[in-house]
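Subject: Structure for you to look at

Hello,

Please find the structure below, with notes on what was found in it. Keep it open beside this message as you read.

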Amino acid sequence: MKRIVSGLLRPVCIVLLLSAAAMSCPAQADLSTDSKDSYARAISQSREAIRKMMESSGVPGVSVAVFIDDREIWSEPFGFSDIEQKIPVTKETKFGIGSISKVLTTALCARLVDEGKLDWDAPIEKYLPGFEHGGHGISIRQIASHLSGLPTGFDKEYMYTTRHFETTQEVLDLYLQQPLEDIPGERVLYATTSYTVIAAVIESVLKKNFLSCMDEFLLQPLKLTHTVPNDRLKEIPNCTEFYVGNRKKEISKADFHDPSYKWAGAGYLSTADDMARFGSALLNSDYLRPETVQDIFNRQLTNEGGLTRYAIGWEIGTAEKGKKILIKSGGGPGISSYLAVYPEEGMVVAILSNMSKAPVSGRLFKQISDAFLEAKE
């Protein structure tokens, strides 16, 4: 599949044949016999829920994966990664994961904390001498939980940028010119580009560029072989096209954008399998110490001691019966993604799609998670 690497993509309006998009399942779910028997009803219910969502919303392609107790229980692709070429989604199709990239970045930070190379609460200027907003005590913990007070407007300004940034510092030279929006620690201000500051800290500690750090110290150790930066200047095998839709279910390609300014915050591509495997690794592998995992899964506090809804990178939710959920959603041009971890149940659900504002969270996520939780009980 060819990638357009220069200029803006001109949207070409396409009316989906909804039955073809929603019912296309080019690969069967890869399941063990035990999983098929135990979770057959949950899989059937979830499959039908996805098809109905696609038919009602016009979403071109979806991929879903469910892991329980460190086992892949269900993984299945639906629809098309490229409408015009009629290329079906497969388990190897790479989707944009948007802000799910943040929890990849914080997992690498947590590993460096375990190794004594980073301190969540040290001021950023300890790692970045000359940091423009030094003297305020801004820490990695605060940035990762959106309590840093760093500017948020840059995200909107550069959402559809076609500019390719060669280095992290090149981004920060622009981003950090903007003033703080609040006193650090006072309140939640969600800022994606603030994670580029974390990228710079990681580079300072490991003496490599951020993308190399992620590959060597996170993606390779966790065997996330289909997770790569969304580098729009490269040919990326098995990468989906990116789409936007409207209420008439007319689908067009999203405008070309270059996410190189936000690799750490929203710049990666992945598969549903890789994302579910990542969540499962946090619960079951020795990549991080258990106490470190607990730390990144805890709600963070404002200066006044108020609990926020954010952990370190994650958002905290509550399921039925008071069960804790760690959630990270992702969005952007041609991107709607959702990753949820149930630490008490040992369950991880990943849903990825290739259309902006696709309804992959909310009702659909609840239908799938409830079906598997019921089957597990």
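The largest nonpolar core holds 74 residues, and the members that touch the most others are Ile 124, Val 197, Ile 202, Leu 218, Phe 278, Trp 314 and Leu 339. Please bear in mind that this is a predicted model.

Which residues does Phe 278 touch, leaving out those up to four places away in sequence? They are Val 103, Leu 104, Ala 107, Leu 222, Leu 224, Trp 314 and Leu 339. Two of these names, Trp 314 and Leu 339, are also in the list of core members that touch the most others. Apart from this core there is a second, separate one of 36 residues, and Ala 42, Ile 68, Met 355 and Leu 364 are among them.

Rolling a probe the size of a water molecule over the atoms shows where empty space is left.

The largest pocket has a volume of about 420 Å³. Its lining is made up of 20 residues, of which Gly 331, Gly 332, Ile 335, Ser 356 and Lys 357 are the closest to the centre. By class, the lining of the largest pocket has eleven polar residues, eight nonpolar ones and one charged one.

The second largest pocket contains about 310 Å³ of space. Here 17 residues form the lining, and the closest to the centre are Ala 319, Glu 320, Lys 366, Asp 370 and Leu 373. Strand 11, strand 12 and helix 12 (363-376) each give two or more residues to the lining of this pocket. Which element gives the largest share? Helix 12 does, with six residues. The lining of the second largest pocket divides into seven nonpolar, seven charged and three polar residues.

Last, a sheet. Strands of a sheet pair through backbone hydrogen bonds, either parallel or antiparallel. In this model, three strands make an open sheet in the order 5-9-6, with antiparallel pairing. Strand 5 (95-96) and strand 6 (228-229) are at the edges and have a single partner strand each, so one side of each has no neighbour in the sheet. Strand 5 pairs with strand 9 (residues 268-270) over two bridges.

Regards

Technical notes:
Residues numbered from 1 in each chain as written. Predicted model: local features only at pLDDT ≥ 70, side-chain atom pairs only at ≥ 80, totals over all residues. Heavy atoms only, no water. Core = buried A, V, L, I, M, F, W, Y, C linked by side-chain atoms within 4.5 Å. Buried < 20%, exposed > 50% of the residue type's maximum accessible area, 1.4 Å probe, protein only. Contact = heavy atoms within 4.5 Å. 1 Å grid on protein atoms, 1.4 Å probe; cavity = no way out; pocket = protein on both sides within 12 Å on 5 of 7 lines; lining within 4 Å. Points joined across faces, edges and corners; volume = space filled by probe spheres on them. Nonpolar A, V, L, I, M, F, W, Y, C, P; charged D, E, K, R; others polar. Helix = DSSP H or I, 4+ residues; strand = E, 2+ residues; numbered from the N terminus. Pairing = 2+ DSSP bridges.
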